[in-house]
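Please keep the sequence and the model in view while reading.

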Amino acid sequence: MSVAINIEKVVKKYGDLTIIPGLEAHIKNGEFFTLLGPSGCGKTTLLRMIAGFNSIEGGEIKFDEQVINNLPAHQRNIGMVFQSYAIFPHLTVRENVEYGLKLRKLPKEEIKKKVDNILDVVKITDYQDRLPERLSGGQQQRVALARAIVIHPSVLLMDEPLSNLDAKLRIEMRSAIREVQKQVGITTVYVTHDQEEALAISDRIAVMSGGVIQQIAAPYIIYTRPYNRFVSTFIGHSNMFKGRVQQQNGQKVVVFANGYVVPMDNLSEEATEGLDVLISVRPEEFALREGDGLECKIKTRVFLGKYVNYELEFPEDMLIPDQASIEFSQDLGHAEKILEIGETVTLRPNRLKINIFTADGSKNLIEGVVHYA
């Protein structure tokens, strides 16, 4: 029976070092919930706390209303899929999948029925008599997934399960994992540092940094309305410009450092007259225009099939310092011409899509942006 997971002010320490300082998250029954963040942000530590592999120094973790802080890992009824597959090399596919059921001493007929069903669900029935050494990486990961699910756990935990696969297999397997999870309906907590993977597979994403959840929301919201600068720059690419809030003709506007004005009718009350802000524009939110706009020079060009990605050169006083690059993505399905390196162009940001952050980047000033949804 699947459960909801309630994480309430959880603390993780190693000696005097606090890794997670008081984290809260509420994962819905049957949800595919992803912990996303850079290496060292605490996502795997949190997963291991849910699993029972790490101690909890403060707060509570609950499965539904049951506090599991001191419950041994083997009594939590979890399934776990690791980065390294962790399947037994001397057992066949079927024997690997049967293993957990045999430990539970289920009747042979029931074991056969459950294993037949899960082998069919994860599409490895044809390989059931093979040893792992005769399987591809993707097939081995399917075996690990089947073994974790066949015991009917309350929670499925997955720690970077696709990181050892090549790019094509990762895309294939993330679709398979999503399909199986929805078919089985099990609450799943998935750890990854791969933004594209998280966006493609999740019901909701928790973006983490420094042991703190920066935002929890659906993938579309995380990408289009990030709560702060960290989320905006970690998920995809964001170009950061200096700007200021002003009033013109009774309407709030944001003004770029070159004087270009963008009318805004969706700024919160905190965006007051004269406030210095960061203006975040994703590469695909620019459009080529004549006349007023942001003048820049094409620095480099990379052809990527469906679109062309350009690195741009702006006057330094327009930009927030220490950005790896400033980019514009041109959709070839709508492009009238390809831009040349060294060419000077004028770009206009889509005012309905751009995000406006406080000068320290800690908060989005667009109305209705959610911190935890």
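## Terms and basis of the model

Helices (H or I, at least four residues) and strands (E, at least two) are DSSP runs, numbered from the N terminus. Two strands are said to pair if DSSP finds at least two bridges between them.

This is a predicted model, in which local features need pLDDT of at least 70 and side-chain atom pairs count only at pLDDT 80 or more, while totals for chains, interfaces and linings use all residues. Residues are numbered from 1 along each chain as its sequence is written, and side-chain values use heavy atoms, with hydrogens and water left out.

## The chain as a whole

Eight helices and 20 strands make up the secondary structure of the chain. Its C-alpha trace spans about 75 × 45 × 35 Å along the principal axes. Of the 373 residues, 50% count as buried, a term that means under 20% relative accessible area, with exposed meaning over 50% and partly exposed in between (1.4 Å probe, protein chains only). Among contacts (heavy atoms within 4.5 Å) with a separation of 6 or more, 69% come from residues 24 or more positions apart.

The accessible surface comes to about 18000 Å², and carbon and sulfur atoms hold 49% of this area. Such areas come from the Shrake-Rupley method with a 1.4 Å probe; for residues, only the protein chains shown count as cover. The chain carries 43 positive and 48 negative side chains, with the centres of the two sets 6 Å apart. Lys and Arg count as positive and Asp and Glu as negative, while His and the chain ends are not counted; each charge is placed at NZ of Lys, CZ of Arg, CG of Asp or CD of Glu.

Strands of a sheet pair through backbone hydrogen bonds, either parallel or antiparallel.

Strand β1 (residues 5–14) is joined to β4 by five bridges, and Asn 6 has Lys 62 in β4 as its bridge partner. On the way to β5, two bridges join β4 to that strand, where Lys 62 stands opposite Val 67. The hairpin of β4 and β5 has two residues between the strands, and Asp 64 takes a positive phi near 55°.

## The pairings of β11

Strand β11 (residues 239–248) pairs in the antiparallel sense with β14 (residues 276–281) over six bridges; here Lys 242 stands opposite Leu 278. β11 also pairs in the antiparallel sense with β12 (residues 251–256), again over six bridges, and Gln 247 has Lys 252 as its bridge partner in β12. β11 and β12 form a hairpin with two residues between them, and Asn 249 in the turn has a positive phi of about 55°.

## The surroundings of Asn 54

Asn 54 lies in the loop between α1 (43–51) and β4 (58–63). Asn 54 counts as buried because its relative accessibility is 13%. Leaving aside residues up to four places away in sequence, Asn 54 touches Lys 12, Tyr 14, Thr 45, Arg 48 and Met 49.

The side chains of Asn 54 and Tyr 14 are joined by a polar contact of 3.5 Å. A polar contact is a pair of N or O atoms within 3.5 Å; within protein, one must be able to donate a hydrogen and the other to accept it, and residues adjacent in sequence count only if both atoms are side-chain atoms.
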